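Reader: I'm new to structures like this one. Could you take me slowly through one place where two parts of a single chain meet?

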There are 2 protein chains.
Amino acid sequence: MATTSARASGQLSERKAAILRALVRQYIRTGEPVGSEMLASTSGLRVSPATIRNELAALEELGYLTQPHTSAGRAPTHLAYRFFVDLLPSRPHLRGSERLAVVQFFEEALADVDEILRGTTLLLSRLTRYASLALAPSLKESVIARCELIGLGSSTLLLVVFDNGRVEKRLVDVPEDATEEDLERVSRSLSSAFRGMTVGAAKQEADRNAAATREPDAAVLRKVGGALGSIDAAAEAEHVLLGGVANIAGEGAFDRRETVREVYEALERESALLHLLREAASTPPVSVMIGAENSIPGMLEASVVAAPFGAGGGAMGTIGVIGPLRMDYESAISAVRIVAERLSAAVEALRS
Amino acid sequence: MATTSARASGQLSERKAAILRALVRQYIRTGEPVGSEMLASTSGLRVSPATIRNELAALEELGYLTQPHTSAGRAPTHLAYRFFVDLLPSRPHLRGSERLAVVQFFEEALADVDEILRGTTLLLSRLTRYASLALAPSLKESVIARCELIGLGSSTLLLVVFDNGRVEKRLVDVPEDATEEDLERVSRSLSSAFRGMTVGAAKQEADRNAAATREPDAAVLRKVGGALGSIDAAAEAEHVLLGGVANIAGEGAFDRRETVREVYEALERESALLHLLREAASTPPVSVMIGAENSIPGMLEASVVAAPFGAGGGAMGTIGVIGPLRMDYESAISAVRIVAERLSAAVEALRS
DNA sequence: TGCTAGCAGTCTCGGCCAGAGAGTGCTAAC
DNA sequence: GTTAGCACTCTCTGGCCGAGACTGCTAGCA
């Protein structure tokens with residue numbers, strides 16, 4: 001029995017675990033190293049500070065704690081945050097007023113997924129007071145609703161409308177000798193040919209058709225295929241939305257100015273964020289990446305709490321918040337989780 | 001003659017002006033208050049520090065300078081920056097390598113104005129090491145190239161393609177009793193009816209047509225009119241692009257952490273930025289707003305350098321950079337100006 | 001009259017020191 | 001195994017001092 005519970009807490013005795021939890025909670029609140037005296041009065045354990053000191057020394061030995069200097073209290077390491085997060089109760093809890101804000105937000109009907117997501121980032125950052133991010137649903141799985149060529153004076157635009165309301169466009173430089181009529185003809189065929197396909201499939205179809213068609217239409221189709229390929233390639237790479245980024249520079253978050261800059265820099269590199277959020281998409285319901293656990297160099301001092309959302313169980317995208325290592329994981333996890341649930345319901349409703 | 005040049009320099013004697021210029025330049029470089037000794041050696045004037053001290057005392061009296069404390073040097077006030085900027089030579093000068101970067105950037109052909117602008121913000125922030133902003137061309141003056149209704153399962157999307165390649169879309173909740181065919185029929189009429197119009201004009205046309213048409217098409221047209229009105233209303237409000245915002249938290253820029261947060265907050269409020277950039281649109285070639293001169297509360301510690309761009313003389317939009325009061329106005333102005341010129345040429349080429 | 005050299009005065013800044021306070025680790029006793 | 005007690009260490013604050021940076025003023029000079 002004793003060993004069982006020790007294993008359940010990750011090799012730590014019940015008491016060590018209790019002390020560690022109390023310490024992390026306290027540190028998250030104050031940002032100051034925590035001492036044994038303080039812990040003795042707040043941890044709820046009926047032991048003396050001296051006993052706690054012994055435990056703290058052991059926890060430091062185990063790598064859960066650090067001391068800035070000998071006469072300071074202890075601060076949590078990455079390991080301690082990880083431990084803390086892993087033992088958090090999975091039931092989200094949000095204050096009534098906040099829960100209400102979430103519900104109200106999703107009551108308004110919004111046009112398309114992107115628009116809903118933009119609002120969602122603002123909602124999340126208002127709730128958590130951290131910066132928030134959202135990875136929009138990948139176009140890879142969306143299906144084409146319409147596809148046509150549009151002449152704009154000198155240039156020609158390929159327009160692709162997806163079933164979720166998103167629109168992608170590319171300039172295509174059609175061959176010099178293609179007439180207005182050629183374009184019309186090809187354009188008419190596109191929608192019927194590609195409707196219901198993913199972009200990837202449509203690209204292949206375009207290439208195949210080009211081979212089986214006479215010039216000059218074949219040349220136009222090849223260009224269309226190229227443009228579709230470009231849309232396909234960029235399909236995931238384009239949409240990371242941010243909200244409440246001023247929170248990063250705010251008081252409660254990062255101590256060092258340099259860290260603030262690093263985080264802003266990381267946020268500007270979309271590809272890195274994408275990688276991060278896509279990882280989170282595969283670990284429902286909520287994934288927490290603490291410090292170095294996230295894959296972005298230069299974000300060692302930041303943690304990310306993220307959750308996938310989607311209609312009917314499939315992950316469409318990811319939302320999350322980004323904050324300091326000593327972020328308030330309990331509220332952040334609750335907020336992200338609840339918002340992800342409601343968001344899933346909202347996109348489901350949109351799709352039906 | 002003496003009075004003339006005094007007036008030209010804004011009531012300051014030649015020598016005061018020279019000293020003030022040297023001081024501002026120095027302060028911009030170092031961020032440290034500047035003393036009389038330093039000025040004596042760098043201003044190029046052949047006078048002693050004592051003389052300079054007399055002049056500095058007078059300049060302080062006039063409101064151009066402040067002293068953090070008695071034994072510090074002097075720092076410029078807003079007035080001094082304004083004076084400095086007003087006397088800057090209007091010929092832009094950029095280092096060869098930077099000029100090359102600008103030219104190279106605009107050699108690549110890009111799909112639409114938004115895409116070019118997004119790249120332009122990155123270019124500007126790389127050149128200046130400040131955050132950059134761009135106000136995209138208003139749709140008010142763009143003209144509709146195509147307009148149609150697209151059914152997406154349960155909902156219907158109104159799609160409007162503009163001649164500059166931009167695409168706007170709105171969900172329209174068509175009347176329950178409208179059939180697939182009704183929609184098709186209305187949709188076919190839209191493009192031919194609205195081509196070449198601005199959104200505003202198209203909205204009026206739709207409303208007029210609705211009145212002159214039989215049900216059920218009239219009901220659909222009314223909805224389309226509503227959606228067009230919404231696009232028209234949002235036409236200007238939607239597009240402020242940002243680039244290089246990490247620079248705001250960087251070393252060279254703002255001293256106080258609180259200021260950094262304020263600026264980020266201001267950048268998140270699009271409406272404020274819009275107002276700012278629209279003002280700048282009317283003062284070619286380059287406008288400089290120093291501290292309180294910009295209309296955004298909470299940005300007293302920031303300056304904005306902005307320039308309008310556009311094809312054929314008309315202002316389409318605005319680009320600019322935002323930095324600290326002690327921003328390097330000379331480079332910033334040069335960079336913004338040259339980029340605006342090239343950008344104007346690029347959109348002109350796009351349109352032709 | 002305007003400029004300048006010299007000088008006294010003022011203020012910040014860094015270093016140093018001492019005392020207070022916080023927190024620890026160790027030891028010895030329960 | 002727990003705890004009280006204690007010596008120890010280290011930071012932090014405030015006070016103090018001297019160095020350094022500038023200034024403003026005054027008096028003398030062209």
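This is a predicted model: local features need pLDDT of at least 70, side-chain atom pairs count only at pLDDT 80 or more; totals for chains, interfaces and linings use all residues.

Now find the two partners along the chain. Domain 2 of chain A is written as 96–138 + 239–351, and domain 3 as 144–234; domain 1 covers 2–86. These bounds come from an automatic or database domain assignment. Taken over C-alpha atoms, the centres of domains 2 and 3 of chain A are separated by 35 Å.

How many residues touch? Contact (heavy atoms within 4.5 Å) links 6 residues of domain 2 of chain A with 4 residues of domain 3 of chain A. Between domain 2 and domain 3 of chain A there are 0 salt bridges, meaning a side-chain nitrogen of Lys or Arg within 4 Å of a carboxyl oxygen of Asp or Glu.

A note on reading the names and values: residues are numbered from 1 along each chain as its sequence is written, while chains are lettered from A and ligands numbered from 1 in the order in which they are written. Local features need pLDDT of at least 70, side-chain atom pairs count only at pLDDT 80 or more, totals for chains, interfaces and linings use all residues, and side-chain values use heavy atoms, with hydrogens and water left out.
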